[in-house]
Amino acid sequence: MASSDAGPGGAPREQPGVPASVLRSWDEAEARLFPLVMAQPELYQQALGAVQQLLGRLRETCHDLPALLAAHERGGDLLDGAEVPGVRPALIAAAACATRYRELVALLAARGRLEALARARAQGRSWTVVEENGEAERAPYLPYQRVEAEPETGRAVIVSIGPDETLSRAVYRLDAGQIDLASGALEFGDPLGTYLDPDDCTAALRRTQSHPA
């Protein structure tokens, strides 16, 4: 199974305390750096090296989102003399912040899964919802995804709702998954089925959950 915390439902959503404008600026920085791969590959490699160097420092100093936002406020000054000629320092700093943001979001999600599994075990539950993004009532116009897992084993099923090819009808999807009981990381596995009727999806979900792994 390939590991991915974004999964069928897409990228992690905006986190509390992280303005959408900041997320856009980080995305734009990465988008501006990428064309250098084709146009100036040597310059891109230098910029990538600077991003990785700064990312290493951010991992040491930014252990939560508020700390990362504080670092972001420094902009290009974060490079501390490690600038790359021809590339704006602010772009490199923003790209490094974007990567660290994704890492922190993944860590927070993993921690939340472990806490949900621990609560379910204490309550003696056989399955529990460990993660939910979006509102099922607003799908398919807005993406929806939730993860249900078996507390004792970490076996999981990812339920997602999205639009069909005409963008007018909801499609319900089930995918297999596995939560690492030590780290909380979520691995996405094989697709289990797609459905147009929500009741059919629910029935398939219950059948999957009742069948031993």
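Predicted model: local features only at pLDDT ≥ 70, side-chain atom pairs only at ≥ 80, totals over all residues.

Q: Is Thr 128 buried or exposed?
A: Buried, because its relative accessible area is 8% and the cut-off for buried is under 20%.

Q: Let me zoom out. How many helices and strands are there in the chain?
A: Six helices and six strands. The pattern along the sequence reads β-α-α-α-α-α-β-β-β-β-β-α.

Q: What box do the C-alpha atoms fill?
A: Roughly 60 × 45 × 30 Å, taken along the principal axes.

Q: How much of the chain is buried?
A: Buried residues make up 39% of the 213 residues. As for contacts with a separation of 6 or more, 55% of them come from residues 24 or more positions apart.

Q: Now helices. How do α1 and α5 pack?
A: Helix α1 (residues 20-33) and helix α5 (residues 89-123) pack at an angle of about 115°, and their axes are 8 Å apart. The crossing of α1 past α5 is left-handed.

Q: Which residues make that contact?
A: From α1 you have Leu 23, Ser 25, Trp 26, Ala 29, Glu 30, Arg 32 and Leu 33. The α5 side has Leu 91, Ala 94, Ala 95, Cys 97, Ala 98, Thr 99, Tyr 101 and Arg 102.

Q: How do the residues of the contact of α1 with α5 divide into nonpolar, polar and charged?
A: Ten are nonpolar, two polar and three charged.

Q: Trp 26 and Tyr 101 are both on your list. How many aromatic pairs does the structure hold?
A: One. In that pair, the rings of Trp 26 and Tyr 101 have their centres 5.6 Å apart and their planes at 55°, so the pair counts as tilted. Trp 26 is in helix α1 and Tyr 101 in helix α5, 75 residues apart, so the pair links distant parts of the chain.

Q: Are those two buried or exposed?
A: Trp 26 is buried, at a relative accessible area of 2%. Tyr 101 counts as buried as well, at 7%.

Q: Changing topic: where does Arg 155 lie?
A: Arg 155 is in strand β4, residues 155-163. With a relative accessibility of 12%, Arg 155 counts as buried.

Q: What does the side chain of Arg 155 reach?
A: The backbone oxygen of His 211, at 2.9 Å. The backbone oxygen of Gln 209 also lies 3.4 Å from a polar atom of the Arg 155 side chain.

Q: What else does Arg 155 touch?
A: Leaving out residues up to four places away in sequence, its contacts include Trp 127, Glu 148, Gly 177, Thr 208 and Pro 212.

Q: And Ala 156, buried or exposed?
A: Ala 156 lies in strand β4 too, and at 3% relative accessibility it counts as buried. Among the residues Ala 156 touches, not counting those up to four places away in sequence, are Trp 127, Val 147, Asp 175, Ile 179 and Leu 186.

Methods
Residues numbered from 1 in each chain as written. Heavy atoms only, no water. Helix = DSSP H or I, 4+ residues; strand = E, 2+ residues; numbered from the N terminus. Buried < 20%, exposed > 50% of the residue type's maximum accessible area, 1.4 Å probe, protein only. Polar contact = N/O pair within 3.5 Å; in protein donor to acceptor, adjacent residues only side chain to side chain. Contact = heavy atoms within 4.5 Å. Axes fitted to C-alpha atoms, helices over the stretch in contact; angles between N-to-C directions. Left-handed = near helix turned anticlockwise from the far one by under 90°. Nonpolar A, V, L, I, M, F, W, Y, C, P; charged D, E, K, R; others polar. Phe/Tyr/Trp six-rings, centres within 6.5 Å; stacked < 30°, edge-to-face > 60°.
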